[in-house]
Amino acid sequence: MFKPFAPRDLPPIPVVAAAAFLALAIFAWTERTVLVDPDGMSVSYWPWKLWQIAPLLMGICGVWWLWFSTQRVPWVRSLALGILAFVVLANAYTTLFGDHWGNVWRTVNPLFIGSSTVAAVALWRSGLPAGQAAGAVSAALGALVFANAYFVNNSVIWQILDPVRMLTSLAWAASATCANAASTERGQ
C-alpha cells in the first residue's frame with residue numbers, strides 16, 4: 001500500500017536538491033506577492049494573507065517530507081538547519097540579499113515553522129522530560145513566529161525572534177542527526 005509520508009531513504013544529492021527546490025519554490029511564490037498586494041500592505045491585507053497560505057503549506061509539508069526522506073542521511077537535516085540559521089543571520093544583520101530581504105523573510109518563516117513542528121514532535125517523542133520540555137518550547141516558538149509573521153508583524157518581537165531563531169535552528173541542527181520523529185523508541 002502507498003504511504004505518502006513513509007520514510008524514503010533518499011541518497012544525499014537528491015535530498016539536497018529537494019531541499020533547494022523547496023526553498024526556491026517558496027521564494028518564487030513569495031516573490032510574486034506583488035500580484036495580490038501591489039501597495040505592499042502585507043499583514044493587514046487579507047489578499048496577502050491568503051496568498052501566504054501556499055508557501056506556509058509548502059514549508060510545513062516540505063520540511064516533513066524532507067525529514068522522512070533523510071532517515072539514512074540525517075546529516076542533511078543538520079546542514080539544512082544550519083543554512084536556515086545562516087540565512088536568518090545574513091538577512092537580519094547584513095545587506096546580502098539586497099532588495100529581496102522581505103521575500104527572504106517570507107521564505108524563512110514557513111521553513112522555520114515547518115522545522116518547529118518537526119522538532120516539537122521529535123523532541124516530544126523522545127520520552128525524556130527535558131526533550132518534552134524542548135518540544136513544547138519548539139512548538140511555542142513556531143506558533144509565535146506564525147502569529148507575528150501572518151497577523152501581528154511587531155518589529156520588537158522580530159528583534160527578539162531573529163537571534164532566537166538562529167540559535168534554535170543551530171540547536172535543532174545539533175540534534176537532528178540523532179532524532180527521528182517517526183520513531184517511538186527512546187533516544188532515537
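Biologist: Where does Trp 46 lie?

Modeller: Trp 46 lies in helix H2. Keep in mind that this is a predicted model.

Biologist: Why is Trp 46 called exposed?

Modeller: Its relative accessible area is 54%. Exposed means over 50%. Trp 46 is therefore exposed.

Biologist: What makes Ser 138 buried?

Modeller: Ser 138 sits in helix H6. Its relative accessible area is 4%. The cut-off for buried is under 20%, so Ser 138 is buried.

Biologist: Which residues is Ser 138 in contact with, leaving aside neighbours within four places in sequence?

Modeller: They are Ser 116, Ala 119, Ala 120, Leu 123 and Trp 172.

Biologist: How do you know that Lys 49 has no salt bridge?

Modeller: The nearest side chain of opposite charge is Asp 37, 11 Å away. A salt bridge needs a side-chain nitrogen within 4 Å of a carboxyl oxygen. Lys 49 therefore has none. Yet Lys 49 is buried.

Biologist: Where is Lys 49 found, and what does it touch?

Modeller: Lys 49 is found in helix H2, residues 46-51. Not counting residues up to four places away in sequence, Lys 49 touches Val 43, Tyr 150 and Phe 151.

Biologist: Which residues make the nonpolar surface patch?

Modeller: Trp 46, Leu 50, Ile 53, Leu 57, Phe 146, Phe 151 and Val 152 make it, covering about 720 Å².

Biologist: Which helices each supply at least two residues of the nonpolar patch?

Modeller: H2, H3 (53-68) and H6 (129-152) do. The largest share, three residues, comes from H6.

Definitions and conventions:
Residues are numbered from 1 along each chain as its sequence is written. This is a predicted model: local features need pLDDT of at least 70, side-chain atom pairs count only at pLDDT 80 or more; totals for chains, interfaces and linings use all residues. Side-chain values use heavy atoms; hydrogens and water are left out. Helices (H or I, at least four residues) and strands (E, at least two) are DSSP runs, numbered from the N terminus. Buried means under 20% relative accessible area, exposed over 50%, partly exposed in between (1.4 Å probe, protein chains only). Lys and Arg count as positive and Asp and Glu as negative; His and the chain ends are not counted. Contact means heavy atoms within 4.5 Å. Patches are made of residues with over 30% relative accessible area and no salt bridge: like charges are joined within 9 Å, nonpolar side chains (Val, Leu, Ile, Met, Phe, Trp, Tyr) within 5 Å. Accessible areas come from the Shrake-Rupley method with a 1.4 Å probe; for residues, only the protein chains shown count as cover.
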